[in-house]
Amino acid sequence: MNDFSKHKFGTKAIHAGAEADPSTGAIMTPIFQTSTYVQEAPGVNKGYGYARGKNPTREALQKNIAALENGKHCVCFSSGMGATDAVMRMLRPGDEVITGDDLYGGSYRMFTKIYQNYGIKFHFINLTDANTIKKYINPNTKLIWVETPTNPTMQIIDIEACSIIAKENNLILAVDNTFASPYLQNPLALGADIVMHSVTKYLGGHSDVVMGALITNSDALHEQIYFILNSCGANPGPMDCFLVMRGIKTLHLRMERHCFNGRKIAEYLKTHPKIEKIYWPGFTDHPNHLIAKKQMRDFGGMISIVLKNATEADTFKIASSFKVFSLAESLGGVESLINHPATMTHASIPKSERDKAGVVDNLLRLSVGVEDVEDLIEDLKQALS
Ligand SMILES: *Cc1c(COP(=O)(O)O)cnc(C)c1O
C-alpha cells in the first residue's frame, strides 16, 4: 500500500486509500456489498468477520479521509450526527461539556434533548475569545466541542487557543470541521484531539449521500470510537462509501471554485442596498478575520446575509424566488443552495436562543456552489429585486 502522507492535498484526495483491486486490477475500489465473510475455520478469516465492524470499501474511504486531515485514524458513521453521537457516548453521567452558542441545530438538539437527560451538562458559550472557556472549567469538565466557522453567523473560533486550554486542563478538544472541509482547515495540526465531519457536505460534495466521520491521531481515542461504532451500529453502507470516495477525488477542485465564487458573491452582496449585514470571514473587517487567515487556507463559499427591514414574509418571498439557487437544507454540494435557518436548519433551537445568537428571522444562508459565478450573481440580483 502506497503511503501518500508526504504528498500534497490533491494527490492525497485522489490516491490515498485507493489501491487497485488485487484480484482484477480494477482502479476503483469495489463496492463490497456484503454483510458477512466466509471463514476457513472458526476464527480463521481474512481479517473480516461481520460487516458492521469492518468493510473493505469503508476502510479505503477511512484511509483517504484520515490522509486529508493528516490524521492516523478515521472511523466513518452513517451520518454526521452518528459521528457526533459516538463522541458523546464516551462521556459519563455528571461529565460537563463546554461548547459554542452558535452550533449546528442538530448538535444543539442532541446535546439538550438527548444527552442532558443522561446527566451530562452543557455550557453553551461564546467561544470567539477562547479564554472565556476557563471560567467554565471544573473537575467534571471532560470535553470542549467547537464548530468553526460557526453556522450560520460565521464566527471564527481560534482552534489553537482552545487546544492550549484543553491540554492544560486535560480535556478532549473535538472540532466539527464540516464548514471548512479538510481542504481549508486541519484541526489536528492545530492541537485538536478529534475532528468530526458531516461527510454529507463538502467531502461527499454531490448531495447524494448522508455520512459522518471522526478523525484522530490518538490510538486510545480511536479504540474507544471504533468500539462505539461496532457496539452501537451507526456504520455507513459500502455503496455510500464508494460514492464519497468518488466525490473526494475532486474535493480540491471544487473547493477552489467554492472559494472563488464565494468571494465574488460576498463582494457583490456587501454593498447591495437590500442587505443590512453580511457574514463572511474573508472580509478584512470581519471581527475574527485574522484568526480565519491564520488557521484556514481560504475563506470558503458559506455566506449569511441579513435582509434590510424585511419581515419573515418578505424573507420567505425572496428565499422562494431564486432560479439557480435551490431552497434547501444542507450545504457543500456542487449546486448552490439557499436556506432560511430560523425555520429550516435551526428550527430546533428556541427563538429566544436563536435571536441571542443572531439567527434572526430575516437571515438567509447561502451555500455557494461551483456553477458559473455570473449566473449566480444574476440570480441574486433578480431575487433581491
Ligand atoms: C450537517 C451538519 C451536521 C450533521 O451532519 P449530518 O450528516 O446531517 O448528520 C453537523 N454539523 C454541521 C456543521 C453540519 O453542517
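**Exercise 1.** Which residue does Asp 85 meet in a salt bridge, and how many Å is it from N to O?

*Solution.* Keep in mind that we are working with a predicted model. Start with the general idea: side chains of opposite charge can pair when their charged atoms come close. Next, find the partner: the side chain of Asp 85 meets that of Arg 89, at 2.6 Å from N to O. Finally, look at the surroundings. Buried means under 20% relative accessible area, so Asp 85, at 17%, counts as buried. Arg 89, at 39%, counts as partly exposed.

**Exercise 2.** Find the salt-bridge partner of Lys 72, and work out which parts of the chain the pair ties together.

*Solution.* First, the partner is Asp 219, with 2.8 Å between N and O. Third, check accessibility: Lys 72 is exposed at 51%, and Asp 219 is partly exposed at 41%.

**Exercise 3.** Describe the salt bridge between Glu 353 and Lys 356.

*Solution.* Begin with the distance: the closest N and O atoms are 3.4 Å apart. Then use the helix: both residues lie in α13 (residues 351–356), three residues apart, so about one helical turn separates them. To finish, Glu 353 is partly exposed at 30%, whereas Lys 356 is exposed at 67%.

**Exercise 4.** How many salt bridges does the structure hold?

*Solution.* The count is twelve. Some join into a network, which links Asp 158, Glu 160 and Lys 294.

Key: Residues are numbered from 1 along each chain as its sequence is written. This is a predicted model: local features need pLDDT of at least 70, side-chain atom pairs count only at pLDDT 80 or more; totals for chains, interfaces and linings use all residues. Side-chain values use heavy atoms; hydrogens and water are left out. A salt bridge is a side-chain nitrogen of Lys or Arg within 4 Å of a carboxyl oxygen of Asp or Glu. Helices (H or I, at least four residues) and strands (E, at least two) are DSSP runs, numbered from the N terminus. Buried means under 20% relative accessible area, exposed over 50%, partly exposed in between (1.4 Å probe, protein chains only).
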